[in-house]
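Grab a pencil and work through these exercises with the model open beside you. Each task comes with a solution that goes step by step.

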Amino acid sequence: MTVIERNFFRLMRAGLFGSREPIEPLSQWKWRRLYQLSLIHGVNNCIWQGLCECKDDFYVTLIAPELMQKWSKTVVQIEEETEDEEADTSLTNPLLDRKLQDIIDQESSKEETPTRLVLLNIVNNARVILNDGVSLPLIVELAQMVRKGNNIDYEKLQTWIAQLHMQPMADLTGTLLVMLFGFSKEDVPFLKKYLEKTAQQLVGELFDLDNASTDEWYFTQEKDQIFVRTHNSRAMLWHVGHSARYSHLYPSEALTNFFKSFAKSLTHIEE
C-alpha cells in the first residue's frame, strides 16, 4: 500500500472503532488526494470521523485549514442529501434466488434480524465484487454488524451460506474484515478459509482509478449496427476480465450475473 492508502485505512478504522494509530506525514497534495478518494469510495463521513478522532496527531494538525473546512462542509452536505435505499435482496441465478427468497420468507419476524442482515450484506457484497470490486460502504456496514455481534446466530448463518453455495464469497468478505479493519480470524465466525491473495488483489484495485465500473459502458444502436459505447475505452474489456477473474468464487451466480449486466446495457438501445 502507498502512504495515502495506509492513512486512508487508519483513519477509517479510527472513525469506525475509535482506534488510534500513528498517522504518517503527507504533503498537502496527498491529503487532498485522500479527501478525493474518500468521496469516490463513499466513506467521506467515516474518514472525517477518523480525522476528528485523531485531531491531536501531529500530522493531522498540519492539514491545511481550508481543506479541513471543505471536508467538514462536504460531510454535512452528504448527510443532508443521503436517503435510505432499499437493499437488493435477490440473486441473478433463479435457483439460488429461490433459495434466498425461501430463507427470507421462513424468517418469522417481519423486522430484519441481525443474522438475516449479515446474510443479505454478504449477498450484496458478492454481487458487487463480481461486477465492480470492493464496495467500501458495504464492507464498513458488515464490519459494524460483526463488531457489535448483537444476537447474530452464526450457526444459522453458516447453514444459509451453505444453501446458497457462497462460502468462498463469505470467506473473501471475512478476509477483507481481517485485512482492512483489524479483526482477528476468530472475530469472524463465518470465515473458514483466509483468502489473502484474492483480498489483496481486490484492495489494490480500489485505488486503481483507471478501472471502470459497469455503469460506464453500454450498447447503443445506429441504423442497422450495434456499437459498444463507453466513457472509458477500456471499460468493457476491464469488466469482462474482472468478472472472469473472480467468477470462481461464485460460479453458480457469476454467469447469470454477467449476462444480466449485458441485459442492463441493452436497455440503452433505441427500439
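This is a predicted model: local features need pLDDT of at least 70, side-chain atom pairs count only at pLDDT 80 or more; totals for chains, interfaces and linings use all residues.

**Exercise 1.** Decide whether Cys52 and Cys54 are buried, partly exposed or exposed.

*Solution.* 
- You need two limits: buried is under 20% relative accessible area, exposed is over 50%, and partly exposed is in between.
- Cys52 has 33% relative accessibility, so call it partly exposed.
- Cys54 comes in at 1%, so this one is buried.

**Exercise 2.** Check the span of helix 1 (residues 3-17), then find out how covered the helix is.

*Solution.* 
- Helix 1 has 15 residues, and at 1.5 Å a residue it should span 21 Å.
- The expected span uses one less than the number of residues.
- Compare that with the model: the end C-alpha atoms are 21 Å apart, so the two agree.
- Next, the cover: 12 of the 15 residues in helix 1 are buried, which makes it mostly covered.
- Among these buried residues are Phe8, Phe9, Leu11 and Met12, and also Glu5, Arg10 and Arg13.
- What do they pack against? Their partners are helix 2 (28-40), helix 3 (44-53), helix 8 (136-148), helix 10 (167-181) and helix 11 (196-206).
- Just past the end of helix 1, Gly18 has a positive phi of about 70 degrees.

**Exercise 3.** Find out which residue has a positive phi although it is not a glycine, and say where it sits.

*Solution.* 
- The residue is His165, with a phi of about 55 degrees.
- Its place is the loop between helix 9 (154-163) and helix 10.
- With a relative accessible area of 47%, His165 is partly exposed.

**Exercise 4.** Describe the nonpolar surface patch that includes Leu62.

*Solution.* 
- The members are Phe58, Tyr59 and Leu62, and together they have about 300 Å² of accessible area.
- Leu62 belongs to the loop between helix 4 (58-61) and helix 5 (65-81).
- A patch member needs over 30% relative accessible area.
- Leu62 has 44%, so it is partly exposed and passes that limit.

Conventions
Residues are numbered from 1 along each chain as its sequence is written. Side-chain values use heavy atoms; hydrogens and water are left out. Patches are made of residues with over 30% relative accessible area and no salt bridge: like charges are joined within 9 Å, nonpolar side chains (Val, Leu, Ile, Met, Phe, Trp, Tyr) within 5 Å. Accessible areas come from the Shrake-Rupley method with a 1.4 Å probe; for residues, only the protein chains shown count as cover. A salt bridge is a side-chain nitrogen of Lys or Arg within 4 Å of a carboxyl oxygen of Asp or Glu. Helices (H or I, at least four residues) and strands (E, at least two) are DSSP runs, numbered from the N terminus. Buried means under 20% relative accessible area, exposed over 50%, partly exposed in between (1.4 Å probe, protein chains only). Contact means heavy atoms within 4.5 Å.
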